There are 2 protein chains.
Amino acid sequence: MTERQGLPRVLILGGGFAGIGAARKLRKAPVDVMLVDRHDYHTFQPLLYQVATDILDPATVGHPIRELVHQQDNLDFAQATVTGIDLDARTVTFDGWEPQGYDYLIVGLGARANFFGTAGADEHAFPLYTLPQAVRLKQHLLMRFEEAAKNPALVDEGYLDVVIVGGGATGVETSGAMSELIHHVFPEDYPTIDISRINITLVEHGDRLLAMFDQGISDYTLETLTDRNVKVRLGEQVMGIDADGVDLGTGERIAAGTTVWGAGLQPVPLASELGVELVRGRVPVDEFLRLEHHPEVFVVGDMAVTTDSTTGVVLAQLGSVALQAGEYAGKTIDRLERKHKDPHPFHYVDKGTMATIGRNAAVAVVPPHHITLTGRAAFAMWGAVHLALLTGGDSRMAAMSNWFWSFTTHNRPARVLIHPDDDD
Amino acid sequence: MTERQGLPRVLILGGGFAGIGAARKLRKAPVDVMLVDRHDYHTFQPLLYQVATDILDPATVGHPIRELVHQQDNLDFAQATVTGIDLDARTVTFDGWEPQGYDYLIVGLGARANFFGTAGADEHAFPLYTLPQAVRLKQHLLMRFEEAAKNPALVDEGYLDVVIVGGGATGVETSGAMSELIHHVFPEDYPTIDISRINITLVEHGDRLLAMFDQGISDYTLETLTDRNVKVRLGEQVMGIDADGVDLGTGERIAAGTTVWGAGLQPVPLASELGVELVRGRVPVDEFLRLEHHPEVFVVGDMAVTTDSTTGVVLAQLGSVALQAGEYAGKTIDRLERKHKDPHPFHYVDKGTMATIGRNAAVAVVPPHHITLTGRAAFAMWGAVHLALLTGGDSRMAAMSNWFWSFTTHNRPARVLIHPDDDD
């Protein structure tokens, strides 16, 4: 550490795609980098729905941040929770650690589920934004099936029914994976339960699924999910959620012992400590992704309103946007401190978007000509891209092993309820 | 299920080696088998120390019991906790399930750590008998290192020191694996911590390690552990344990933020409901492993005093003994109900005993000529045998992948603190 004394200090808050991307791009910069996260792992968020539906082990999707750290000499890591940011004093306070000063601050603390005031959602819905949430959903589902195995009559009360709220990527991917788990894996595990009586329902407020894609892809997705026993309800609003089901805006009730929430994000509370008025719940930044009046502070990832400087388009809260924004912040500091050059405005490179609907079914849009893929080809591409993106070689190997087993045998890797607080 | 109505009902309590072995041997018997465990997974106990020291993911060592169930038509499973056994009414009561009657009962509920009244052990020592315990030990260790990364001075207070109590297989295997984790994996993860100042101490009351083996093996084990930075203290008794260390019988104090307990078992409380006087904390059974006055009740595994009928030797509380005792109970019921033959007394077949001390170091005794192996040959054999024993093909594949990475790169598969009750 001593050789880094006196160098400018870059403090990165959050070890998600944005924070990790920033840290990596600073590896040659003459700076002292400290990355802080409340957990000791980086979460590969695009695959959380696979943890929730037991395709992947949690450890495959949560990668040790320290493994990234020891690949980079000027980088340290601390596990601590941010409690406050003092922009004037250039100091961040933490729960469980002494206050830390900085010369540059990169804030990528993410977001959390936005229930838009839906009654009961906070208590009864399962969001899918973090790894503990994904594990909780899986455990809830497995416990329900274990209970129903002892009392099969519960099936008729909707005890095992699942409602997924939100027809975006999270909702669609979770619906497809949930259908495979319940209709292909559980019949063997729970021979006394009549699986055909279990309903999986996807509720979307708009008039089509995956609205960020073309209509053709929305149609394909609707058809594929319907074929796979998912009831899709378009143009419906969820007004309330309780332990036994959801109430729609029409007054209709759908029984469901499990409600998954994939319908929107809101800022973490700390976003309001950055001294700026939030825009639709996100922190506005300039074309260099910096905070107004504070050119030493970058705000990146799901927390920020990230605008592409070429097109002026406000970008979606996606992992690929967070990664590129974080990398940009790192590169910009590297330009200033090592190359002594002025920064370029942020430009987002669209490398394609995809979503999987289940075995041999996925959708993808590949730039620059916006080629649209569906079905097996898109599924194969989705698999290859996600394997390539998983951060570590060992996770990649484990994921490959898990996927191989899951997709060739309909069998799953884990399906066990290991809780560290269990009595024994 | 209907085709099994009217058949004799076999209730198996506990899904450990004994219960699983019993269930499997009943697959051809004209009986209705119900297996009950408080968890939905079978634990491969010999590898728990590898979960605690982060060589294996928990899901590799906890195998879904339901996967065994759907390979066997006459077998059902229920997740429930036994609360009472009424031998006269032939009924078992459960937490979370209605009472169940039986014609045959196979009780294999295992044991729990015996602290022998050691002050503070119940509160501060980490036993290694169950999967949640192994996960808790791992998380405790990782959290300590995260804290010390923020405050390296803690090392000198013994904050990261580890004491392992008990020089049997659990203690020796845990010591070796702990040394590899701390001395080979953590230096890269925690560059700011001076790893050379961390002490790992193995305390054994007797005068040698692995007392069930020959003196030569004990000597090899002592030498190997010492070479690997484990301080071995023979002939020492642990009198008290607190959050910061242990007190020995001599009055000496060893500082340690983590104390692992591998020094003995006691019966689960239910053992005392079987209407017999316990013998050294275990349930006495006849030569057919049955309860006195209750030939319909078998008691098998760590709960029971299992005697080899040929030699009259009381067998150790080992997985191999539990497996064979459980299989024997299943086979005996099969003989009675399908073959209509009288049972043979229980005979244990010693297939060898082994323990691993770490990378390329293990010990093994192979019958019938009691060939003794140490070093690489024993290590290779240990790996092959444990891979063959892990119950499922997918676990085997994942374990192989994890071990391959761990032993070729000194890198570990998980090293993350995923707790389902984390805030987010």
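Which domains does the domain assignment of chain A give?

1. The domain assignment of chain A gives domain 1, made of 2–38 + 80–113 + 266–339, and domain 2, made of 121–263 + 353–409; such bounds come from an automatic or database domain assignment. The C-alpha centres of domain 1 of chain A and domain 2 of chain A lie 32 Å apart.

2. A word on the basis of these remarks: this is a predicted model, in which local features need pLDDT of at least 70 and side-chain atom pairs count only at pLDDT 80 or more, while totals for chains, interfaces and linings use all residues. Residues are numbered from 1 along each chain as its sequence is written, and chains are lettered from A and ligands numbered from 1 in the order in which they are written.

3. One open sheet of chain A has six strands in the order β5-β2-β1-β9-β22-β21, with mixed pairing. At its edges stand β5 (75–79) and β21 (290–291) of chain A, each with a single partner strand, so one side of each is left without a neighbour in the sheet. Here strands (E, at least two residues) and helices (H or I, at least four residues) are DSSP runs, numbered from the N terminus, and two strands pair if DSSP finds at least two bridges between them.

4. Within chain A, strand β1 (residues 9–13) and strand β2 (residues 32–37) pair in the parallel sense over five bridges, and Leu13(A) stands opposite Val36(A) in β2(A).

5. The axes of helix α1 (residues 17–25) and helix α9 (residues 319–339), both of chain A, come within 7 Å and cross at roughly 30°. That makes α1(A) roughly parallel to α9(A), a description that applies to angles under 35 degrees. The axes are lines fitted to C-alpha atoms, for helices over the stretch in contact, and angles run from 0 to 180 degrees between N-to-C directions.

6. A second open sheet to inspect in chain A has three strands in the order β6-β7-β8, with antiparallel pairing. Its edges are β6 (81–86) and β8 (97–101) of chain A, each with a single partner strand, so one side of each is left without a neighbour in the sheet. Five bridges join β6(A) to strand β7 (residues 91–95) of chain A in the antiparallel sense, and Thr81(A) stands opposite Asp95(A) in β7(A).

7. Strand β15 (residues 238–242) and strand β16 (residues 245–248) of chain A run antiparallel and are joined by four bridges. They form a hairpin with two residues between them, and Val238(A) stands opposite Leu248(A) in β16(A).

Note on methods. Parallel < 35°, antiparallel > 145°, perpendicular 65-115°, else oblique.
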